[in-house]
Amino acid sequence: MTRLARNLQTPHDPAAVCEAELNGQRLILDPLGALVLPVHGLLCVSDLHLEKGAAYARRGQMLPPWDTLATLRLLEAVIARHDPRIVVSLGDNFHDRRGADLMPMEFRTYLESLMRGREWIWISGNHDPDGVGALSGTQADSLHFAGLTFRHEPGAACEVGEVAGHLHPAATLVRRSRGVRRPCFALDARRLIMPSFGVMTGGLDLDHRAFNGLFEKNRLTAHLLSQGRIHSFAYAALRG
């Protein structure tokens, strides 16, 4: 809930977004953790992990059941901010295969209201390979759009213009022996890996072995999400 409160209570400053470019496409990186292609009216989020608390409860580990509502409130806020005509949800939309079918009706109604009047594309993830059940929208394994390829897991052989999720990137900024760790967009000249949008998800630091070989480290920038703003650092500068 801390991330939800921090982002929704901070007044939005249009200057807080960050602009970037990938394969000739102008990108807007929103501090709520969404990617926008303004020319095309497309908004992308990744790793919602809806119904994660419920999934844990089914396995006997009781977590607070507020995560779906909190994530949907963040999603509503970023949609209201950019009013996209296309929304791409980049996989792991639900935390497990049963989440879409067992989601409470009030959450389903809330989500459908956000989808109304928009083209909504659900990319399949490793947590929800069977899709999103009876929810509206289009299901796909990947999407090729405007010179970019949207998929859940980054490919081993990167094609220029890949936008992926799955790894929940985070970065640690160290100054005077003190570190601050934040979720981030990770972007080099070839690919962008999105931060997780779900409020109950962890992250992997860019130094983690899961990122080995995915980026040209000398061209990698970490765009950190922090208190309603984005702070951008070259990978080499993170350690001071």
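Helices (H or I, at least four residues) and strands (E, at least two) are DSSP runs, numbered from the N terminus. Just past the end of helix 5, Gly117 has a positive phi of about 80°. The model is predicted, so local features need pLDDT of at least 70 and side-chain atom pairs count only at pLDDT 80 or more, while totals for chains, interfaces and linings use all residues. Residues are numbered from 1 along each chain as its sequence is written, and side-chain values use heavy atoms, with hydrogens and water left out.

Next comes the nonpolar interior. A nonpolar core here is a set of buried Ala, Val, Leu, Ile, Met, Phe, Trp, Tyr and Cys residues joined through side-chain atoms within 4.5 Å. The largest such core has 29 residues, and Leu75, Val78, Leu111, Trp120, Trp122 and Phe197 touch the most other members. Strand 4 (42-45), helix 3 (67-82), helix 5 (105-115) and strand 6 (119-123) are the elements that give two or more residues to this core, and helix 3 gives the most, with six. Leaving aside residues up to four places away in sequence, Leu75 touches Val45, Leu111, Leu114, Trp120 and Phe197. Another core, of 25 residues, lies apart from this one and includes Leu35, Leu90, Leu143 and Phe185.

Seven strands make an open sheet in the order 1-2-3-4-5-6-7, with mixed pairing; two strands pair if DSSP finds at least two bridges between them. Strand 1 (18-22) and strand 7 (138-140) sit at the edges with a single partner strand each, so one side of each has no neighbour in the sheet. From one strand to the next, the twist averages 25°. Strand 2 (residues 25-29) and strand 3 (residues 35-37) run antiparallel and are joined by two bridges, and Ile28 stands opposite Val36 in strand 3. Helix 3 packs on the sheet, touching strand 2, strand 3, strand 4 and strand 6, and its direction makes about 160° with that of strand 4. Axes are lines fitted to C-alpha atoms, for helices over the stretch in contact, and angles run from 0 to 180 degrees between N-to-C directions.

As for charges, the structure holds 11 salt bridges, each a side-chain nitrogen of Lys or Arg within 4 Å of a carboxyl oxygen of Asp or Glu. One of them joins Asp30 and Arg81 (2.8 Å, N to O), linking the loop between strand 2 and strand 3 to helix 3 across 51 residues. Asp30 is buried, at 0% relative accessible area, whereas Arg81 is partly exposed at 27%. Glu162 and Arg151 also meet in a salt bridge (2.6 Å, N to O).

Note on methods. Buried < 20%, exposed > 50% of the residue type's maximum accessible area, 1.4 Å probe, protein only. Contact = heavy atoms within 4.5 Å.
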